[in-house]
Amino acid sequence: MQRTNWTEIEFILKGLSEYPRAEKVLFATCLVMYLVILLGNSTLVLLTLLDSRLHTPMYFFLGNLSFLDIWYTTSFIPSMLIHFLSKKKSISFPRCVVQMSVSYAMGSTECVLLAVMAYDRYVAICNPLRYPIIMGKAICIQMAALSWGLGLLNSLTETILAIRLPFCGNNVINHFVCEILAFVKLACTDISLNEITIMLGNVIFLFSPLLLICISYVFILSTVLRISSAEGRKKAFSTCSAHITVVTVFYGTILFMYMKPKSKDSAFNKLIALFYGIVTPMLNPIIYSLRNTEVHGAMRKLMTRYWFWRKQ
């Protein structure tokens with residue numbers, strides 16, 4: 001079958017076009033949440049770069065996570081906000097592919113990065129004397145690079161397979177954004193290979209990191225329970241609490257999306273997907289800084305430096 005020229009293809013993002021008032025409410029809500037995402041995550045990136053007390057493996061990976069969340073949300077929220085207020089909700093083929101590939105790459109990278117962060121906590125608690133040696137600067141950079149590399153490779157593989165498909169019908173995506181599975185389902189040819197690779201990618205990048213995270217915390221729990229003092233156990237748990245919360249929110253939302261009963265209300269399903277895409281990146285910096293005295297101290301130091309410069 002002859003393929004259509006990419007420049008001639010457009011997709012319609014249906015979103016909640018049947019509920020125009022709801023779209024206006026979503027516009028205001030998502031705009032505020034996006035600004036919170038940018039402010040919170042860019043602040044954490046800035047703090048991990050400027051404050052020497054945060055030049056540790058945990059905050060290095062946290063800086064990567066915050067940087068990733070900025071890119072992930074920026075790949076789709078600005079265009080989604082425009083579509084909320086626009087009558088024409090079309091997106092060109094190249095823009096749709098870029099949006100789809102970037103968000104898929106960031107999502108895959110985040111899964112691997114959360115597993116790397118769990119390993120960091122495992123070494124810190126189960127092998128504290130060798131922690132500076134095992135989690136040296138070079139190793140941390142390599143582990144972060146591996147996370148980004150695997151995520152980009154997964155996205156590149158899925159994207160190349162997707163863009164080779166022919167599209168010749170009514171290209172309406174029943175979503176707010178270009179999502180890879182919805183994208184390939186619009187093709188007018190057999191998509192079995194695409195569906196298999198997407199399923200394999202989900203298993204590898206969702207459940208393999210989750211398994212590694214669970215194994216890490218089994219060893220962490222075993223080590224913590226052997227600590228004699230209650231204060232020591234509390235301190236050990238406190239170093240993991242933020243990461244456990246982030247993992248719970250991240251995977252809890254995904255598992256809810258996949259395991260909930262099939263709903264006939266497609267609007268509800270789209271809102272759940274939107275929650276996963278926006279709320280999780282918004283909560284990450286809040287979770288990591290809420291009761292973190294090191295982040296609070298770095299923030300006070302940065303604010304003091306800012307006011308000092310203002311007075312000069």
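This is a predicted model: local features need pLDDT of at least 70, side-chain atom pairs count only at pLDDT 80 or more; totals for chains, interfaces and linings use all residues.
**View 1. Helix 6 and helix 8 in contact.** Helix 6 spans residues 137–163 and helix 8 spans residues 192–225. Their axes come within 10 Å and cross at roughly 170 degrees. Angles over 145 degrees count as roughly antiparallel, so helix 6 is roughly antiparallel to helix 8. On the helix 6 side, the contact is made by Leu150, Gly151, Asn154, Glu158, Leu161 and Ala162. Helix 8 contributes Leu193, Asn194, Thr197, Ile198, Gly201 and Phe205. Sorted by class, the residues of this contact are six nonpolar, five polar and one charged.

**View 2. The second largest pocket and its lining.** This pocket holds about 1,100 Å³ of space. Its lining has 31 residues, and Lys235, Ser238, Thr239, Ser241 and Asn292 lie nearest the centre. Two or more lining residues come from each of helix 2 (57–74), helix 4 (93–126), helix 9 (230–259), helix 10 (266–290) and helix 11 (293–311). Helix 9 gives the most, with eleven residues. The lining of the second largest pocket divides into 13 nonpolar, ten polar and eight charged residues.

**View 3. A salt bridge between Lys89 and Glu23.** Side chains of opposite charge can pair when their charged atoms come close. Here the side chains of Lys89 and Glu23 meet at 3.1 Å, N to O. Lys89 sits in the loop between helix 3 (77–85) and strand 2 (90–92), while Glu23 belongs to helix 1 (residues 20–50). The pair links distant parts of the chain, its two residues being 66 residues apart. In total, the count of salt bridges comes to three.

Methods. Residues are numbered from 1 along each chain as its sequence is written. Side-chain values use heavy atoms; hydrogens and water are left out. Axes are lines fitted to C-alpha atoms, for helices over the stretch in contact, and angles run from 0 to 180 degrees between N-to-C directions. Helices (H or I, at least four residues) and strands (E, at least two) are DSSP runs, numbered from the N terminus. Angles under 35 degrees count as roughly parallel, over 145 as roughly antiparallel, 65 to 115 as roughly perpendicular and the rest as oblique. Contact means heavy atoms within 4.5 Å. Ala, Val, Leu, Ile, Met, Phe, Trp, Tyr, Cys and Pro count as nonpolar, Asp, Glu, Lys and Arg as charged, and the others, Gly among them, as polar. On a 1 Å grid over the protein atoms alone, a cavity is a set of points where a 1.4 Å probe fits but cannot get out, and a pocket is an open set with protein on both sides within 12 Å along at least five of seven lines; lining residues have an atom within 4 Å of a point. Grid points are joined across faces, edges and corners, and a volume is the space filled by probe spheres set on the points. A salt bridge is a side-chain nitrogen of Lys or Arg within 4 Å of a carboxyl oxygen of Asp or Glu.
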